[in-house]
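The account begins with strand pairing and then turns to packing.

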Amino acid sequence: RETVYAGPGIPPFPQLRRVVWQMGETYLPGGIIAPVDLSSGRIASLTRTGPTNWSGTRPRFFRRPPARIAGRVIAIPYMRHYGHLLTDILAPLAFAVARGLISRDDPVTVVCATGDNPVATAFAEGLLKLGYARGIHRLGPQDGAIAETYLHAEVLCSSGEHRYAMPEVTDLLRQIFQRGGDYPDPAAPPPSRVFLTRGDAKLRKVQGEAELIEALRARGFTIFESRWSNHAEQLAVFSGCDLLVGVHGAGLANVIFGKPSARLVEIQSGNARKTTGLFWAACAGMDYTCLLGGPEGQRQSFSIDPRAILDAIEALDA
């Protein structure tokens, strides 16, 4: 098919596919729980090519022989990046539930790590409590398991920034998290205007952020930091706020839970712009504004002019 471009230097909109498939005899190493087809030695992924060299699966001495798990199995690979965990792993699995490929009539066993983060744990527990899973099998780093039938869900896209494109599963994701984590209803209404800070993150530090935070706090903004331990608060804040301001990063992934009447203001470096936040906001139906700082330096750090950023935010909030 001939490629049609929208203009000089503008690539075509990336094609996107949602894929769910089943395979037999699949090995799940406890190190990162990346499924491997035992018949071919290939990692079960459409975004990786060729047989695995096992560097990604981290083989090690087993404490015991791999367990065999009967029936259908899904896995939550060990993932410490919240954005990729949510949009690359959990959302496609929720899509499989939404399409009836995982159902109460045909539940699955969920395989995840013994020391997994609270978000992955809440998702697994939520599937169990909602009846979509028959049980949870946890693997330690030196454990392994062989699934009789493995179900894999994935989103394929020519642009990694646009892999999340499933706004129809957002409510289901919220339901799974809330049931699995026993998230209480917020006692107080969420703040209307929020600045999402990256805190003491080692990556993407922003010179001038401290001054901007103080100015926004004086104007009634709530300063919020996303952590693995406060996911319930994140859902409440992102679902309820009207104006969300934040620096580009994985913490903005919860924008997918935003309400259509809200606006995301994303702060980025001037020479390393991303469209991820724009796409997440579009999936939620939110308005979007990008504000640029200086050029990116070491460890993706950059500087901003706090006064100029504040003026732009106040103009949008007028």
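Predicted model: local features only at pLDDT ≥ 70, side-chain atom pairs only at ≥ 80, totals over all residues.

Strand 2 (residues 36-37) and strand 3 run antiparallel and are joined by two bridges, with Val-36 standing opposite Ile-43 of strand 3. This pairing belongs to an open sheet of seven strands, whose order is 3-2-1-7-4-5-6 and whose pairing is mixed. Strand 3 (42-43) and strand 6 (133-139) are the edge strands, each of them pairing on one side only.

| Helix | Strands touched | Angle between directions |
|---|---|---|
| Helix 1 | strand 1 (16-29), strand 4 (67-75), strand 7 (144-157) | about 95° with strand 7 |
| Helix 2 (residues 118-129) | strand 4, strand 5 (108-113), strand 6 | about 150° with strand 6 |

Helix 1 (residues 82-98) also contains Tyr-82, which is buried because its relative accessible area of 10% falls under the 20% limit. Two aromatic pairs are counted in the model. In the pair of Tyr-82 and Trp-228, the ring centres lie 5.9 Å apart and the planes meet at 80°, so the arrangement is edge-to-face, for which the angle must be over 60 degrees. The pair links distant parts of the chain, 146 residues apart, since Trp-228 lies in the loop between strand 10 (222-224) and helix 5 (231-240).

Elsewhere, helix 4 (residues 209-218) packs against helix 7 (residues 306-316) at an angle of about 35°, the axes being 9 Å apart, and the crossing is right-handed. Glu-211, Leu-212, Ala-215 and Leu-216 of helix 4 meet Pro-306, Ile-309, Leu-310 and Ile-313 of helix 7; the residues of this contact comprise seven nonpolar, no polar and one charged.

Terms used:
Residues numbered from 1 in each chain as written. Heavy atoms only, no water. Axes fitted to C-alpha atoms, helices over the stretch in contact; angles between N-to-C directions. Helix = DSSP H or I, 4+ residues; strand = E, 2+ residues; numbered from the N terminus. Left-handed = near helix turned anticlockwise from the far one by under 90°. Contact = heavy atoms within 4.5 Å. Nonpolar A, V, L, I, M, F, W, Y, C, P; charged D, E, K, R; others polar. Phe/Tyr/Trp six-rings, centres within 6.5 Å; stacked < 30°, edge-to-face > 60°. Buried < 20%, exposed > 50% of the residue type's maximum accessible area, 1.4 Å probe, protein only. Pairing = 2+ DSSP bridges.
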